Amino acid sequence: MTDAKKVMLITGTRKGIGRYLAEYYINQGYLVEGCSRKECDIDSPFYHHHFVDVADEKGVRTMVADIVKRHGRLDVVLNNAAIASMNHVLLTPAASANRMLEVNVTGTMLVCREAAKVMMRKRWGRIVNFTTIVAPIALAGEAVYAASKSAVVTFTRILAFELGQWGITCNSFGATPIMTDMIRGVPKEKVDEVVNGLAIKRLGTPEDCANVCDFFISPASDNITGQVIYLGGIT
Ligand SMILES: NC(=O)c1ccc[n+]([C@@H]2O[C@H](COP(=O)([O-])OP(=O)(O)OC[C@H]3O[C@@H](n4cnc5c(N)ncnc54)[C@H](OP(=O)(O)O)[C@@H]3O)[C@@H](O)[C@H]2O)c1
């Protein structure tokens, strides 16, 4: 059943953008492996869920080993899982900063590392790491979150050079505000301020995210690596 289908790992599939992408790529014919810390109710024979915190090195290793055991391959990774804590830097405890860096940066690195070991055997792979426009626009109130996502971009650019020899492309993608739980607590005026600064003055959508991922993971995009695409006109 599984031989012809490509296997995709999407982190953070319980809700939000990750959940949308899981269902989207199941419908596109992928075998989707997802993870989150809490229970996920995606119900499909083409979906398998792992209870894994991406910052847990042993958990990530075990998850990827399990994927290889069941499918013998891993073709695409979308590193979507992340946390954000919107705080003025004067009010940001070290524990909150450390946790954001651990999940957003170390978690992304761990998943890339374990996935790349599998992809390199087939000399083919696609990695898309999620960043955000709040990094290039330097949004006040999101210093540590934005810094963690800037780190994701730099990490991805270097990863592209380290993995290119095995036919693995690594790109990052930064969305504009999308109405998920991640930003539901942000005051409306703050979201409006960001949207008004965009070339395309609207909220982002999960469909926008799928569109960029489609481009990066296409077999035809084998010479597109180390790049970052931001939505909404941000560079
Ligand atoms: N929404 C926006 O406006 C926006 C804009 C730009 C970029 N982004 C980026 O888009 C991505 C998705 O954001 P979203 O808005 O969909 O967020 P969300 O609604 O808060 O969902 C986050 C997902 O990640 C999972 N997750 C969180 N920490 C995890 C961990 N340590 N290990 C494994 N899974 C974890 C969550 O499930 P559990 O809680 O069960 O673990 C959940 O499924 C993020 O990378 C975010 O930075 C979002």
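Helix 3 of this predicted model spans residues 94-122 and comprises 29 residues (helices being DSSP runs of H or I with at least four residues, and strands runs of E with at least two, numbered from the N terminus). From its first C-alpha to its last, helix 3 reaches 41 Å, close to the 42 Å expected at 1.5 Å a residue, the expected span being 1.5 Å times one less than the number of residues. A kink of about 30 degrees is centred on Thr106, the bend at a residue being the angle between axes fitted to the seven residues ending there and the seven starting there. Arg123 follows helix 3 and has a positive phi, near 55 degrees. Residues are numbered from 1 along each chain as its sequence is written. Local features need pLDDT of at least 70, and side-chain atom pairs count only at pLDDT 80 or more, whereas totals for chains, interfaces and linings use all residues.

An open, parallel sheet is formed by seven strands in the order 3-2-1-4-5-6-7, where pairing requires at least two DSSP bridges between two strands. Strand 3 (47-51) and strand 7 (228-230) stand at the edges with a single partner strand each, so one side of each is left without a neighbour in the sheet. The twist averages 20 degrees from one strand to the next (axes are lines fitted to C-alpha atoms, for helices over the stretch in contact, with angles from 0 to 180 degrees between N-to-C directions).

Eight bridges join strand 5 (residues 125-132) and strand 6 (residues 168-175) in the parallel sense, with Gly125 opposite Ile168 in strand 6. Helix 4 (residues 143-163) packs on the sheet and touches strand 5, strand 6 and strand 7, contact meaning that C-beta atoms, placed from the backbone, lie within 7 Å. The direction of helix 4 makes about 165 degrees with that of strand 6.

Conventions: Two residues are in contact if their C-beta atoms, placed from the backbone, lie within 7 Å.
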